Amino acid sequence: MEKKIKTSNDNRIDYGVILPVFLLCLIGILSLYVALTHDPNGPSVTRGVGMQIIWYLVGAVAIAIVMRINSKWIWKLTPYLYGLGLLVMGLLLRFYDQNLAASTGSKNWFRFGSVTFQPAELMKIAYILMLALIVTKHNTQVKVRTIKSDFWLIAKMLIISIPVIALVMAQKDFGTMLVFLAIFGGVFLMSGISWKIIGPIFALAFIVGAGTIFLVTTESGREFLYTVGFKSYQFARIDSWLDPFHDTSGFSFQPAQGILAIGTGGMFGKGFNVSNIYVPVRESDMIFTVIGENFGFIGGAFVIFLYFVLIYRMIRVCFDTNNEFYAYIASGLIMMLLFHVFENIGANIGLLPLTGIPLPFISQGGSSILGNMIGIGLILSMRYQNEAPVKNSRR
């Protein structure tokens with residue numbers, strides 16, 4: 001009897017999600033080892049890799065716990081998690097790590113002794129849950145969808161989004177703000193809002209994007225942006241993106257070195273633990289340069305393939321679940337992960353500007369790992385909880 005129950009539980013665990021995550025974590029340990037070994041200014045290899053492994057283990061425990069929480073409990077806890085997240089994000093404006101703020105320009109880290117923590121990584125999960133709850137509630141209450149009801153849904157989504165975006169902007173963390181906007185966009189598109197509304201919004205977004213490009217690439221435009229609060233370092237990052245080799249002794253040094261490291265890796269790479277090109281902060285935002293230099297195009301393509309498999313499995317879970325609340329949670333998590341991967345790798349190869357966004361499951365950072373692992377736990381719970389009532393009814 002015990003053997004049958006064990007088999008039943010195993011069938012409810014989606015190993016198609018777990019396997020790519022495990023492989024990405026393994027690649028993360030190896031890449032971090034290389035990055036720290038060749039970084040004279042970074043932490044010791046033993047401490048850095050050891051802390052990363054500890055965070056992976058904490059994340060694994062978080063997955064095991066979250067996976068076993070059913071949607072009713074998640075539903076009940078969501079408003080409290082969202083409120084707690086806003087409170088912690090608000091406290092961060094007063095009790096941020098001043099040393100990191102001075103070096104990065106962002107007030108987005110707490111410090112507890114030698115350990116730092118970024119609350120926004122967990123706030124992403126709380127925000128996804130709250131968006132999913134709002135959309136599910138609205139769709140349950142509105143029996144016939146109209147343009148008016150769709151606008152009311154958009155208003156509800158904005159009401160819970162504006163405080164989050166405002167707090168992130170106050171922390172001067174532009175990259176994280178983009179992640180929240182991507183999450184909003186993913187849930188927005190899946191919420192059933194009429195294309196009569198979505199179409200004009202896309203057109204407006206295109207116009208705003210084109211206008212932004214004009215503003216950041218022209219002298220008069222930059223003068224205007226200075227008046228509304230843009231800083232010199234933000235323009236320097238944009239210049240480094242447009243021409244990574246224009247100022248290799250200044251802001252362009254990091255992206256230029258990253259492109260060189262990946263380029264010199266060639267098709268098959270230089271081999272494990274070989275680093276002939278120094279790239280600053282390689283262990284976090286620039287970790288993909290380690291993969292490119294050590295394992296070349298083949299290694300980088302394999303990492304992208306693993307993300308593709310993971311996202312594909314998440315999409316399958318999203319479409320297979322018969323729980324609307326879960327489906328919207330999955331939509332937000334997919335967009336969060338997809339944007340992180342696209343932005344990080346894009347910035348490493350010079351396709352996009354650097355925004356300080358980590359590569360999921362690979363970059364160094366406990367708060368990022370924990371947030372992503374909780375997200376994986378939620379994805380796994382969709383199959384685990386979805387099939388549980390069926391199994392119980394057969395006993």
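Which helices each supply at least two residues of the lining of the second largest pocket? The legends below take up this point, together with the chain as a whole, in a predicted model.

**Figure 1. Overall view of the predicted chain.** The chain contains 15 helices and two strands. Its radius of gyration is 22 Å, close to the 21 Å that the globule rule gives for 395 residues, so the chain is as compact as a globular protein of that length. The C-alpha trace spans about 65 × 55 × 40 Å along its principal axes.

**Figure 2. Helices around the second largest pocket.** The helices that each contribute at least two lining residues are α4 (71–95), α6 (120–141) and α15 (366–393). With seven residues, α4 gives the most to this lining.

**Figure 3. Centre and lining of the second largest pocket.** The pocket holds about 420 Å³ of space. It is lined by 18 residues, and those closest to its centre are Leu-81, Leu-122, Ile-125, Ala-126 and Ile-374. Sorted by class, the lining comprises 17 nonpolar residues and one polar residue, with no charged residues.

Technical notes: Residues are numbered from 1 along each chain as its sequence is written. This is a predicted model: local features need pLDDT of at least 70, side-chain atom pairs count only at pLDDT 80 or more; totals for chains, interfaces and linings use all residues. Side-chain values use heavy atoms; hydrogens and water are left out. On a 1 Å grid over the protein atoms alone, a cavity is a set of points where a 1.4 Å probe fits but cannot get out, and a pocket is an open set with protein on both sides within 12 Å along at least five of seven lines; lining residues have an atom within 4 Å of a point. Grid points are joined across faces, edges and corners, and a volume is the space filled by probe spheres set on the points. Helices (H or I, at least four residues) and strands (E, at least two) are DSSP runs, numbered from the N terminus. Ala, Val, Leu, Ile, Met, Phe, Trp, Tyr, Cys and Pro count as nonpolar, Asp, Glu, Lys and Arg as charged, and the others, Gly among them, as polar. The radius of gyration is taken over C-alpha atoms; the globule rule is 2.2 Å times the number of residues to the power 0.38.
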